[in-house]
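The sequence and the model are shown first.

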Amino acid sequence: MTNEEHVPEKDVQHQENSAADASQAPEADLVQQLTAAQAEIEQLKDKYLRAVAEFSNYRKRQERDAQQQSARLKAAAFRSVLPVFDDLQLAVKNAPEDAHEYNWMEVVLLIERKFLKILGDANIKPIETVGQRFDPNLHAAMLRVPSAEQPEGYVLQEVQAGFMMDNEVLRPAAVVVSGGPAAAGEA
């Protein structure tokens, strides 16, 4: 008899089970590694998508900040030249009647028209005042006087022109506001 013939049946079955377990162990380990790798991929994908979204939001915020800064600089530049425009309009308004006969007056009027065109091109428009209801967002009241012509709270006169730029007040209009009809004892 050989040694192989005397191996108990129990040992043979145990060897077969061990071989089967050994072949299943690497397979289970691979499944576990695959599951872990897929979970890591999902985490990295989530981090990547969040980073892309954060960068996109950052870029939009930077663009918005740059536009706001540009608008602030534009507004500041025009605010600084509006007093010159006021003086120019005051000169035109108070020019003597015969001044229109002189060439220099035509030049002054040409400068005023160019200034108005530049303001218009920059989307700067004058605020309507006389006859309008007083709006503290658009107007700065300099005086309140009684008036039989305008009801209380309406603008009677513009002291200094106001301007809007891109639907925002660049400079409020300085105005005289009606206090309504004068009381009997005030006349």
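Arg 50 is exposed, because its relative accessibility is 52% and the cut-off for exposed is over 50%. The model is a predicted one. Arg 50 forms a salt bridge with Asp 46, and the closest N and O atoms of this pair are 3.0 Å apart. Asp 46 is partly exposed, at a relative accessible area of 37%. Both residues belong to helix α1, and because they are 4 residues apart there, about one helical turn separates them.

Side chains of opposite charge can pair when their charged atoms come close. In this protein the count comes to 6 salt bridges. The table gives some of them.

| Salt bridge | Closest N and O atoms |
|---|---|
| Arg 50 with Asp 46 | 3.0 Å |
| Lys 117 with Asp 121 | 2.8 Å |
| Arg 144 with Glu 152 | 2.4 Å |

Lys 117 and Asp 121 lie in helix α2, where they are 4 residues apart, about one turn of the helix. Lys 117 has a relative accessibility of 52% and counts as exposed. Asp 121 is exposed as well, with a relative accessible area of 58%.

Tyr 48 is exposed, its relative accessible area being 55%. Together with Leu 49 and Val 52, Tyr 48 forms a nonpolar patch on the surface, and the accessible area of these residues together is about 310 Å².

**Aromatic pairs**

A pair of aromatic rings is described by the distance of the centres and the angle of the planes. A search of the whole structure finds 3 aromatic pairs. In one of them, the ring centres of Phe 85 and Phe 115 are 4.7 Å apart and the planes are at 35 degrees, so this pair is tilted. Phe 85 is part of helix α1 (residues 9-93) and Phe 115 is part of helix α2 (residues 103-121), so the pair ties together parts that are 30 residues apart in sequence. Phe 85 is buried, with a relative accessible area of 0%. Phe 115 also counts as buried, at 17% relative accessibility.

Phe 85 takes part in a further pair, with Phe 163: the ring centres are 6.1 Å apart and the planes are at 65 degrees, so this pair is edge-to-face. This pair links distant parts of the chain, since Phe 85 sits in helix α1 and Phe 163 in strand β4 (residues 163-165), 78 residues apart. Both Phe 85 and Phe 163 are buried. Through these ring pairs, Phe 85, Phe 115 and Phe 163 are linked into a cluster.

**Arg 171**

Which residues are in contact with Arg 171, leaving aside its neighbours within four places in sequence? They are Leu 82, Pro 83, Asp 86, Ile 127, Gln 160, Ala 161, Gly 162 and Phe 163. Arg 171 is located in strand β5 (residues 168-171). Its relative accessible area is 13%, and Arg 171 is buried. The side chain of Arg 171 makes a polar contact with the side chain of Asp 86 at 2.7 Å. The side chain of Arg 171 also reaches the backbone oxygen of Ala 161, at 2.6 Å.

**The whole protein**

The protein has 2 helices and 6 strands. Along the sequence, these elements follow the pattern α-α-β-β-β-β-β-β. The protein has 187 residues, of which 20% count as buried. Its accessible surface comes to about 14300 Å², and carbon and sulfur atoms account for 55% of that area. Among the contacts with a separation of 6 or more, 63% are between residues 24 or more positions apart. The pair of Phe 85 and Phe 163, 78 residues apart, links distant parts of the chain.

Terms used
Residues numbered from 1 in each chain as written. Predicted model: local features only at pLDDT ≥ 70, side-chain atom pairs only at ≥ 80, totals over all residues. Heavy atoms only, no water. Phe/Tyr/Trp six-rings, centres within 6.5 Å; stacked < 30°, edge-to-face > 60°. Buried < 20%, exposed > 50% of the residue type's maximum accessible area, 1.4 Å probe, protein only. Patch = residues over 30% accessible without salt bridge, like charges linked within 9 Å, V, L, I, M, F, W, Y side chains within 5 Å. Areas by Shrake-Rupley, 256 points an atom, 1.4 Å probe, with all protein chains shown as cover. Salt bridge = Lys/Arg side-chain N within 4 Å of Asp/Glu carboxyl O. Polar contact = N/O pair within 3.5 Å; in protein donor to acceptor, adjacent residues only side chain to side chain. Contact = heavy atoms within 4.5 Å.
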